[in-house]
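Subject: Structure handover

Dear colleague,

I am passing on the structure we discussed, and it is shown just below. My notes on what was found in it follow.

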Amino acid sequence: MNRAESERLESLFQHLGYLPTTTASEADLIVLNSCVVRQHAEDRIVNKINALKKLKNSPQPPTLAVTGCLVDSNTTRLKHRFPHVDHFLKPGEYPTWLVKSKPFPILPQQPSPSTYVPIIQGCNNFCSYCVVPYRRGREKSRPVSEIVNEVKELARRGVKEVVLLGQNVDSYGHDLPDKPDLTHLLYELNGIDGIVRIRFLTNHPKDMNNRLIEAIAKLGKVCRQINLPVQAGDDKVLKAMGRGYSVESYRQLVARIRSQVPDISMSTDIVVGFPSESEEQFQATVDLLRELRFDSVHVATYSPRPDTTAARNLEDNVPPSVKKERLDTIERLQKKIATEINGQLLGKTVEVLVEGKRKGRWHGRSRSGKLVFFSENGELLGKIVKVKIEKTSPWALQGRIYG
Ligand code: SF4
């Protein structure tokens with residue numbers, strides 16, 4: 001979401017006549033887009049803001065603005081804490097000191113062949129560990145017509161794939177007058193010429209319904225890839241997290257998805273070291289991952305976030321060394337599982353949307369979301385090519401153009 005918002009802000013500034021620079025000391029305007037989902041991310045952004053203080057003493061000091069989840073409703077407190085920052089913008093807010101009224105959605109000027117499209121902002125779930133609802137506010141969906149027009153315009157600018165974004169895409173539309181849902185939106189977008197792939201994230205296991213699963217199975221442009229965060233493999237921990245589902249109902253949901261969309265690629269998110277998570281409860285998470293075998297797992301250690309119910313009511317009592325050990329255990333297990341899953345692609349041919357070049361090699365993603373590298377002469381950016389896989393690793397595939 002931050003990346004999508006940064007891309008759009010960058011376009012807005014270019015639209016207003018600004019040019020990008022990679023050197024902070026050359027800039028007239030510096031906007032930092034912050035993430036505070038974990039303490040580590042918050043520490044990094046705070047260090048960055050403080051490091052920019054010296055530029056404010058230069059002969060031509062830049063305007064300094066901070067946006068993203070560091071910016072809560074109490075901007076007075078932030079102004080006291082960082083007096084050298086000129087403007088604080090809440091997530092998704094526009095620079096009101098430069099544009100008087102909210103501009104029409106500004107799209108990335110030179111969009112990548114795969115472009116993020118936010119469809120719903122905020123979250124109503126209040127999982128006990130999560131700061132997002134406090135910083136991004138309640139769910140607010142963008143109208144279907146606005147998204148459809150935007151995706152048509154992106155297609156006109158050469159975009160081939162859109163990645164629909166929301167903290168919980170399964171809630172999309174409930175706050176709009178005619179109550180469309182994500183499935184409805186997918187049907188609309190599937191009909192847009194030029195767009196060949198549609199992805200979406202993130203799903204919430206308590207909200208994902210059968211209509212959506214059927215749409216994934218049926219709609220040709222919707223990629224068979226789902227991110228379905230489970231967070232923990234123990235019911236007591238899930239309850240304390242306020243997730244609203246049980247391990248068994250999650251298991252059944254995964255089984256339902258896999259029976260209706262057999263070739264689906266699945267990923268999940270895990271938090272380890274939640275307050276009072278016992279060794280046994282952690283082991284249940286490990287067992288669940290071993291059983292369900294995801295293509296990828298994003299694992300993070302718990303860190304108490306301000307305002308959240310877990311931070312207010314629960315003691316952060318799992319020692320850092322234990323959290324780290326649990327994180328390593330999951331990463332080791334997932335490396336093994338991903339090695340096996342990706343290894344099955346050896347010798348197979350996958351369809352890749354070429355997204356760019358890194359160290360002289362083209363890269364892109366397969367329909368199932370696997371990162372693929374290959375070497376080839378000529379201009380291939382934005383092209384769809386077939387790549388025969390010759391080497392696999394847990395994180396990426398390598399091959400050569402086939403046919
Ligand atoms: S659903 Fe996601 S964004 Fe919303 S509160 Fe829970 S973890 Fe945070």
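For the cysteines, the cut-off comes first: a disulfide is taken here as a pair of cysteine sulfur atoms within 2.5 Å. Please keep in mind that this is a predicted model. With that criterion, a search of the whole structure returns zero disulfides. For cysteine 69 the reason is distance, because the closest cysteine sulfur, that of cysteine 35, lies 6.5 Å from its own sulfur, which is too far for a bond. Cysteine 69 also counts as buried, since its relative accessibility is 8%, and cysteine 130 is likewise classed as buried, at 17%.

Cysteine 130 brings us to the ligand, as Cys130 is one of the residues that surround it. Sorted by class, the shell consists of seven nonpolar residues, three polar ones and one charged one.

The remaining notes concern helix packing. Helix α9, which covers residues 247-260, packs with helix α10, residues 279-292, at an angle of about 15°, and their axes are 12 Å apart. Since angles under 35 degrees count as roughly parallel, α9 and α10 are therefore roughly parallel to each other, and their crossing is right-handed. Helix α10 also meets helix α12, residues 320-343, where the axes come within 10 Å and cross at roughly 15°; α10 and α12 are therefore roughly parallel to each other as well, and α10 passes α12 in a right-handed crossing.

Best regards

Technical notes
Residues are numbered from 1 along each chain as its sequence is written. This is a predicted model: local features need pLDDT of at least 70, side-chain atom pairs count only at pLDDT 80 or more; totals for chains, interfaces and linings use all residues. Side-chain values use heavy atoms; hydrogens and water are left out. A residue is near a molecule or strand if one of its heavy atoms lies within 4 Å of it. Ala, Val, Leu, Ile, Met, Phe, Trp, Tyr, Cys and Pro count as nonpolar, Asp, Glu, Lys and Arg as charged, and the others, Gly among them, as polar. Buried means under 20% relative accessible area, exposed over 50%, partly exposed in between (1.4 Å probe, protein chains only). Axes are lines fitted to C-alpha atoms, for helices over the stretch in contact, and angles run from 0 to 180 degrees between N-to-C directions. Helices (H or I, at least four residues) and strands (E, at least two) are DSSP runs, numbered from the N terminus. Angles under 35 degrees count as roughly parallel, over 145 as roughly antiparallel, 65 to 115 as roughly perpendicular and the rest as oblique. A crossing is left-handed if the near helix is turned anticlockwise from the far one by less than a right angle, and right-handed if clockwise.
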